[in-house]
Amino acid sequence: MRLSWWGTAWLRGHVVSDQLVDGVVADDAVHLVGGADGAEPLVLGLGRLRGAGATGFGLALPVAGDPLGLGGPSAFNTAALAAGEAVVTTGADVGLVPARVGASVTWDQHPAQRRQVPDVGEADRALRSALLATADELARLDVARWRPEVADELTDLRHPHPVQAPPGVPARCLALAGRGIQALTIVELALDDEGGAITAHEAEQRREALVPLERAGRRALVAACSPESWPD
């Protein structure tokens, strides 16, 4: 998410190199870009992609059975699926897959093909619908009994998680990303089995209730963090 937003802002001249590095690295130690001659600093690696025609960086959040944000080829898809995320350049036919070692992240380059990404408006409507439907179902399952933190999140749906973004990110996408993070937070908390003893049947009901929200949350983040889907 950070690389897609800050990288795109840098390519479009909204931020300078120091802001790009600070925005992408955040609490990590360092981010590098892997290449044929080894890893190099973030700005140099992204600069090479800019020279190759990159005009933006878009997020991919694939899971098994749902290669969201990917367009191929299979080698790139496999690497992205193993990592759980990737960034796809617009204009350079290159995908970047993160490999983390401690607090260091190296973005390995792969050939990448054109992709389809969710429309921002469609993703927004789908997420709002999934949040309401999931809230109703989890209330029916008495969520407060086994996971009070989830109940707290569900009662605060009007206040999505605050998200920091660089200049140039549309306000609608910023808000959508906040709701997407909120949705995935609800899913993560609700699937944590440490929160109260439940039966196998209850666990299955809970999982089924959360599947649509997890998918909608990922689609929201991919739409919000992919400049090719941004409204004009």
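Visitor: How many bridges join strand E3 to E4, and which way do the two run?

Guide: Strands pair if DSSP finds at least two bridges between them. Here E3 (residues 56-60) and E4 are joined by 5 bridges and run antiparallel. Phe-57 stands opposite Thr-89 in E4. Strands are DSSP runs of E, at least two residues, and helices runs of H or I, at least four, numbered from the N terminus. Bear in mind that this is a predicted model, where local features need pLDDT of at least 70 and side-chain atom pairs 80 or more, while totals for chains, interfaces and linings use all residues. Residues are numbered from 1 along each chain, and side-chain values use heavy atoms, without hydrogens or water.

Visitor: What joins E4 to E5?

Guide: 2 bridges, with the strands antiparallel; Val-88 has Gly-95 of E5 as its bridge partner. The hairpin has 3 residues between the strands, and Gly-91 there takes a positive phi near 100°.

Visitor: Is E4 enclosed or open?

Guide: Buried means under 20% relative accessible area (1.4 Å probe, protein chains only). In E4 (residues 86-90), 4 of the 5 residues are buried, so the strand is largely enclosed by the rest of the structure.

Visitor: At what angle do H5 and H8 cross?

Guide: Axes are lines fitted to C-alpha atoms over the stretch in contact, with angles from 0 to 180 degrees between N-to-C directions. For H5 (residues 120-140) and H8 (residues 171-190), the axes cross at roughly 30° and come within 11 Å. That makes H5 roughly parallel to H8, a label for angles under 35 degrees.

How values were computed:
Parallel < 35°, antiparallel > 145°, perpendicular 65-115°, else oblique. Buried < 20%, exposed > 50% of the residue type's maximum accessible area, 1.4 Å probe, protein only.
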